[in-house]
Amino acid sequence: MPTLRPRLLALGLAALLGTPAAFAADTPEKLPEQPPLSAQTQRSGGEMPAEQQRLNFDHAELHFAVDIPKETLDATARLTFSARAATDVLLLDLDPELKISGIALDGKALPTSAWSNPDGRLRISLTKPLAKGGKTTVEIRYGGKPHVAKRAPWDGGFVWAKTEDGQPWIATAVEGEGCDMFWPCIDHPMGKPDLVDTYVTVPKSLAAPGNGVLVDIKDAGANHTYHWRAKHPTTYAISLNIGPFDVLKGDYKSHYGNTIPMQMWYLRGHEAQAKQLFGEFPRMLDFFEEQIGPYPFGDEKMGVVETPHLGMEHQTINAYGNGYPRSEFGFDWLLQHEFSHEWFGNQVTNVDWDDMWIHEGFGTYMQPLYGQYLYGDMPYFSMLQTERTAVKNVHPIVAGRHQFEHEVYDADTGPANDIYYKGSLMLHTLRQTIGDKAFFETVRRLVYGRPDPKPGNFAPHYATTRDYIDIVKQVTGKDMGWFFDVYLYESALPALEVKREGDTVSLHWKVPHDKPFPMPVEVQVGDTMQTLPMADGNGSLKAPAGALVVVDPRSKVLRDLPHVDAYRQWKKEEMEKQAKAKKKG
């Protein structure tokens with residue numbers, strides 16, 4: 001298995017802010033042995049094969065029956081595609097441990113010779129070529145034991161847990177390895193279906209909250225079937241949730257005139273805590289709608305479900321397992337982070353995993369920004385300082401090539417924390433550089449594809465790093481390529497060298513590969529503030545001997561700070577000492 005991913009800030013921000021672990025999840029300490037994932041199933045993303053590029057994913061109709069005692073899945077997927085270009089094959093992804101019992105194409109059963117899935121890349125030969133614009137529907141019947149997540153959400157799969165009173169509590173979290181862990185899909189950021197209908201059959205003592213709008217609940221003897229419908233869901237944001245849930249419901253009157261349903265699905269017995277968390281929903285919606293723009297899925301819902309794992313940005317049904325903590329910042333950081341992904345991840349989706357900072361950098365910046373919105377600068381800078389101590393600067397945030405998910409997230413190979421924390425701090429610096437008005441306009445254009453979003457005039461779309469760089473240039477009228485070239489495409493941060501000789505203070509930007517970096521720097525001398533343009537990376541000013549001199553007093557610029565690296569090294573050594581002492585003890 002690949003190295004566990006630092007998803008959701010959990011091992012970073014959660015630990016640093018003192019957030020308690022998820023609670024009441026009675027997951028087994030030692031999971032039963034299970035077949036290893038195929039190399040194909042472990043991978044998510046990369047360069048999309050030509051066969052998949054030829055397809056538009058029109059509709060996914062997914063039927064799931066879960067045998068809880070046996071921990072098995074019996075499923076049927078009816079998938080409709082239209083051809084962007086002529087093709088003679090459907091190329092999908094499905095974990096080969098989920099055995100296929102039959103495939104039909106446009107209602108006609110295919111012989112087993114017409115399809116194969118040896119490694120998890122399901123290839124289905126069409127009975128006749130599909131012309132550009134043509135449509136076809138494939139029905140895939142499959143089932144078996146889905147992969148069990150050893151430590152969701154850091155690795156993907158099913159979580160088969162029990163509540164405090166012994167009832168089944170089940171969830172999926174597949175952001176890492178991908179949607180193919182439990183349904184046949186196109187496991188790539190650009191593989192989103194236009195529409196998904198999900199049917200989940202469970203015992204009547206349990207509920208199955210899902211993505212989108214609840215169409216109906218149909219009786220099936222001792223069971224009942226929940227039918228949910230979602231538009232343009234991100235592939236890894238489709239989830240199954242099963243448990244003894246009750247639900248809190250309410251309506252939010254949007255700033256844009258529409259009414260947004262709100263739902264909180266919680267475990268029975270947690271009503272008091274759930275009501276407190278549910279009370280945060282309108283305030284968060286206020287923030288995002290005022291600061292960013294309209295909630296993208298207002299015609300569906302703002303939904304949250306209590307899960308036996310920490311959390312995940314499942315579209316309109318965000319997973320929450322943070323334990324309902326109190327916070328010195330006055331809000332639940334994990335709920336706010338996952339909710340931010342409705343804008344950054346679900347409304348605007350990265351074209352490639354290499355652009356994942358668009359999800360995580362913006363999603364992380366929303367926590368200090370929300371703290372500032374609620375209570376001013378103190379929580380804003382407090383959270384940014386916490387993020388600053390977690391920046392690694394080992395790999396560039398953006399590699400400039402197609403990447404698999406594990407290359408981006410795995411701590412030993414990819415940017416890991418930096419797509420969160422460094423991405424967030426970079427956005428703070430950009431905001432200080434171009435000003436609030438321009439910054440938030442660039443964010444709106446990135447998220448909605450336009451500067452004037454209103455319900456009904458936008459839809460979920462894809463974006464790249466290059467798209468955002470171009471948006472910043474369009475909004476500011478300035479070429480900010482130098483800014484992104486250093487912060488996104490270099491691993492090391494720019495260092496500001498400061499020398500004071502006599503009554504002269506000299507500043508020099510030391511930048512990886514001597515790249516241009518005309519970042520202005522504010523300097524306080526006594527009780528006056530001066531801004532050095534640093535056009536060629538250098539600047540100087542006069543300061544009388546003995547005068548107070550403070551460089552970048554408002555902490556506007558993300559830069560190399562040796563004391564932070566020294567702290568990180570000390571912290572690492574202390575943790576190693578503690579681990580050795582614990583091992584000896």
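**View 1. Tyr324 sits in the loop between strand S19 (318–320) and helix H6 (333–340).** The model is predicted. Tyr324 is not a glycine, yet its phi is positive, about 50°. Its relative accessibility is 12%, so Tyr324 counts as buried.

**View 2. Asp106 also has a positive phi, near 50°, in a residue other than glycine.** Asp106 belongs to the loop between strand S4 (99–105) and strand S5 (108–109). With 48% relative accessibility, Asp106 counts as partly exposed.

**View 3. Ala152 and Pro153 are joined by a cis peptide bond.** Omega is about 0° here. Pro153 is placed in the loop between strand S8 (135–144) and strand S9 (157–162).

**View 4. Helix H12 covers residues 465–476.** This helix has 12 residues. From first C-alpha to last, H12 reaches 17 Å, close to the 16 Å expected at 1.5 Å a residue. Thr464 caps the N-terminal end. One of its side-chain oxygens lies 3.3 Å from the backbone nitrogen of Arg466. Gly477 follows H12, with a positive phi near 75°.

**View 5. The buried residues of H12 are Thr465, Tyr468, Ile469, Ile471 and Val472.** They cover an arc of only 155° around the axis, so they lie on the same side of H12. An α-helix has 3.6 residues a turn, so residues three or four places apart point the same way.

Key: Residues are numbered from 1 along each chain as its sequence is written. This is a predicted model: local features need pLDDT of at least 70, side-chain atom pairs count only at pLDDT 80 or more; totals for chains, interfaces and linings use all residues. Side-chain values use heavy atoms; hydrogens and water are left out. Helices (H or I, at least four residues) and strands (E, at least two) are DSSP runs, numbered from the N terminus. The expected span of a helix is 1.5 Å times one less than its number of residues. Buried means under 20% relative accessible area, exposed over 50%, partly exposed in between (1.4 Å probe, protein chains only). The arc is that of the directions from the helix axis to the C-beta atoms. A polar contact is a pair of N or O atoms within 3.5 Å; within protein, one must be able to donate a hydrogen and the other to accept it, and residues adjacent in sequence count only if both atoms are side-chain atoms.
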